[in-house]
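This briefing is meant for someone meeting the structure for the first time. Please look over the sequence and the model before reading the notes, which are grouped by topic.

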Amino acid sequence: MTFHPASAPDYLPIPRMRELQLARLRGIVARAFERVPLFRQRMEERGLDPDCLSDLADLARLPFTTKSDLRDTYPFGLFASPMAEVVRLHASSGTTGKPIVVAYTHQDLEVWTSVMLRALAACGVTAGDVVQNAYGYGLFTGGLGAHYGAEALGATVIPISGGNTDRQINVMKDFGVTAICCTPSYFLHLVDRAGELGIDIRSLPLRAGIFGAEPWTDSMRRRIESEGGIRAFDIYGLTEIVGPGVGIECDCQDGLHLFEDHFYPEVIDPETGEVLPAGEEGELVLTTLSKQAMPLIRYRTRDITRLLTEPCPCGRTVRRMTRIARRSDDMLIIRGVNVFPSQIEAALLQVEGTLPHYQIILEREKGLDAMEVQVEVTPQVFSDEVRVLEGLHQRLVKALDHTLGLRVGVRLVAPRTLARSEGKAKRVVDRRES
Amino acid sequence: MKIHQLSLFLENSPGKAMEPCRLLSASGVNIRTLTLADTQQFGILRLIVSDWERGRELLQAAGYIVNVTEVVAVEVDDRPGGLVRLLECLGSSGVNIEYMYAFTFGREGRAVLIFRFDRADVAIERLRASGINVLGALEL
């Protein structure tokens, strides 16, 4: 195991880290107060000013920032640097409503590169690796974030971007790729397609995958690791905060280390907004401690997690959070019952052993919500006998009924008929009128 | 003397059965016989083709899930009682028929039955012992 010098903050003694965080927090709150009108207004409404921070715990008194604040001030309303100092803009596609825009100064890009470098290093990627970067390049932060991090580490970067699956497979084979960055669902798509082309990815030098940009389960990880013959690491990030590189799994694969020298974590009760005691599950709130162009104070991520306080065997002292299984806003309400897509995955997994591709279709029939789960038939479960498939269908209906407490329709569909996005898996299609 | 049968999962909607057939014909793989087992939601297309390995390859490359099953093809007289005689000789063997289908065209007074047995070897032995003609792939 070699240690990259850039990873030193991962191992900072905890009291030293808290000092650093408090100093940076004071600086960033002062910057936002001076330069961002919306933030200043909210502070003043509460009778607060930047001098109110004598302790990290005082952060809890400050107002939250939400995604709608970014939308409402679209495009540049939360910028704290003049455009002359802004060197890069990224934007999130925004599945609903307006997109959001984020800005970086030179220093912001350096910080981003350094946390991506630390993230890749934590997954065991070194200068000797050949990294296939299949995150989309462009306004999406994934592509360029991973690119600069891997390049700074000294690895050989293949900036292939997303899409063109057959070429991805050829490049992986011909260039001796050892690590890949993409969404987990796209990697499974690559594995499936390689299989059709008669290529077993397990026989290639590929040994690590750094997967993010969408939530994925441990069962999906097992499928990726066994079918890809690799180790699969979860990376966390969001456009609003920086892009990928906020948190990463280490070799222990037990929670994601947060680069908390730059991104300060709190966990709150999503209903009341109160900070929860250490170790309790709630919504992750992040404060950017060093971002110049667009500092975000107490940004509500909507991601549900809890912080692990025990030291990690890898030796890193930066705190870990559990993998994100759900978001406080991905909850579906079906006929008054709360349903999380992760529950549906658990039921499908229980019946089939591995997670098939699936999609949730919501419709309104005669004023009532109707939910159908479409499940692709896999070679493992396909049979030439009708009764075997009907038995599978019955077991799926029963397992979903049992898990959700709700009768839902199940439809078996042909392989590869559900939309495979080159980026994020589209799990929910809501056709109910809003 | 078992025959390789290809089975495909199909969604129960218009045109779905045509695609695999067209795919096979375009590559010169001849369909000897086929049957479609369907439910309200989905269907299973079972095919016996001139070259099952090539057929499987083509279908898989097009993204179908293809199951290969060994079935037994039996020739009987195409007249009343032909099937009964065959079933009688299996009667006491304990062999179970999972499903079957038949075709009579182009066989000059003989019908061909395709069986999926739970224990094909026992069935073949029984049928042969009773003088019933079990066909190989070439004879189809």
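This is a predicted model: local features need pLDDT of at least 70, side-chain atom pairs count only at pLDDT 80 or more; totals for chains, interfaces and linings use all residues.

Are α4(A) and α5(A) roughly parallel or roughly perpendicular to each other? The axes of helix α4 (residues 106–122) and helix α5 (residues 141–153) of chain A cross at roughly 70°, and the two helices are therefore roughly perpendicular to each other.

**Where α4(A) meets α5(A)**

- The axes of α4(A) and α5(A) come within 7 Å of one another, and the residues that α4(A) brings to the meeting are Trp112(A), Thr113(A), Met116(A), Leu117(A), Ala119(A), Leu120(A) and Ala121(A).
- On the side of α5(A), the residues that take part are Gly145(A), Ala146(A), Tyr148(A), Gly149(A), Ala150(A), Ala152(A) and Leu153(A).
- Sorted by class, this contact of α4(A) with α5(A) holds eleven nonpolar and three polar residues, and no charged ones.

**Helix α7 of chain A**

- Helix α7(A) covers residues 184–196, and at 1.5 Å a residue its 13 residues should span 18 Å; the C-alpha atoms at its ends are 19 Å apart, which agrees with that expectation.
- The buried residues of α7(A) are Pro184(A), Ser185(A), Tyr186(A), Phe187(A), Leu188(A), His189(A), Leu190(A), Val191(A) and Ala194(A).
- Among the elements of chain A that cover these buried residues are α6 (165–174), β5 (179–182), β6 (208–211) and α8 (218–228).
- After α7(A) comes Gly198(A), a residue with a positive phi near 80°.

**A four-stranded sheet in chain A**

- An open sheet of chain A is formed by four strands in the order β10-β11-β12-β15, with antiparallel pairing.
- The edges of this sheet are β10 (263–268) and β15 (326–327), and each of these has a single partner strand, so one side of each is left without a neighbour in the sheet.
- The partner strand β11 (residues 282–288) runs antiparallel to β10(A) and is joined to β10(A) by six bridges; within β11(A), Glu283(A) is the bridge partner of Ile268(A).

**Chain B and its contact with chain A**

- The two chains touch through 17 residues of chain B and 16 residues of chain A.
- On the chain B side, the elements that contribute two or more residues are β1 (3–11), β3 (42–49), α2 (52–61) and β4 (66–77), and β1(B) gives the most, with four residues.
- By class, the chain B side of this contact divides into seven nonpolar, seven polar and three charged residues.
- Strand β1(B) is itself mostly covered, since seven of its nine residues are buried.
- Strand β1(B) pairs with β4(B) in the antiparallel sense over six bridges, and in that pairing Ser7(B) has Asn67(B) as its bridge partner.
- Six bridges also join β1(B) to β3(B), again running antiparallel, and here Leu6(B) stands opposite Leu47(B).

**Individual residues in the loops of chain A**

- Arg319(A), in the loop between β13 (307–308) and β14 (320–321), counts as buried because 21 C-beta neighbours lie inside 10 Å.
- Leaving aside residues up to four places away in sequence, Arg319(A) touches Leu258(A), Glu260(A), Pro265(A), Leu307(A) and Leu308(A).
- Although Arg319(A) and Ala122(A) are 197 residues apart along the chain, their C-alpha atoms are separated by 14 Å.
- The peptide bond from Tyr74(A) to Pro75(A) is cis, with omega near 0°, and Pro75(A) belongs to the loop between α3 (67–72) and β1 (86–92) of chain A.
- Asn164(A), in the loop between β4 (156–158) and α6 of chain A, has a phi near 50°, which is a positive value in a residue other than glycine; with 13 C-beta neighbours inside 10 Å, Asn164(A) counts as partly exposed.
- Gln253(A), in the loop between β8 (243–249) and β9 (256–258) of chain A, has a positive phi near 50° and is a residue other than glycine; Gln253(A) is partly exposed, with 17 other C-beta atoms within 10 Å.

Notes. Residues are numbered from 1 along each chain as its sequence is written. Chains are lettered from A and ligands numbered from 1 in the order in which they are written. The expected span of a helix is 1.5 Å times one less than its number of residues. A residue is buried if 20 or more other C-beta atoms lie within 10 Å of its own, exposed if 12 or fewer, and partly exposed in between; C-beta atoms are placed from the backbone. Two residues are in contact if their C-beta atoms, placed from the backbone, lie within 7 Å. Axes are lines fitted to C-alpha atoms, for helices over the stretch in contact, and angles run from 0 to 180 degrees between N-to-C directions. Angles under 35 degrees count as roughly parallel, over 145 as roughly antiparallel, 65 to 115 as roughly perpendicular and the rest as oblique. Ala, Val, Leu, Ile, Met, Phe, Trp, Tyr, Cys and Pro count as nonpolar, Asp, Glu, Lys and Arg as charged, and the others, Gly among them, as polar. Two strands pair if DSSP finds at least two bridges between them.
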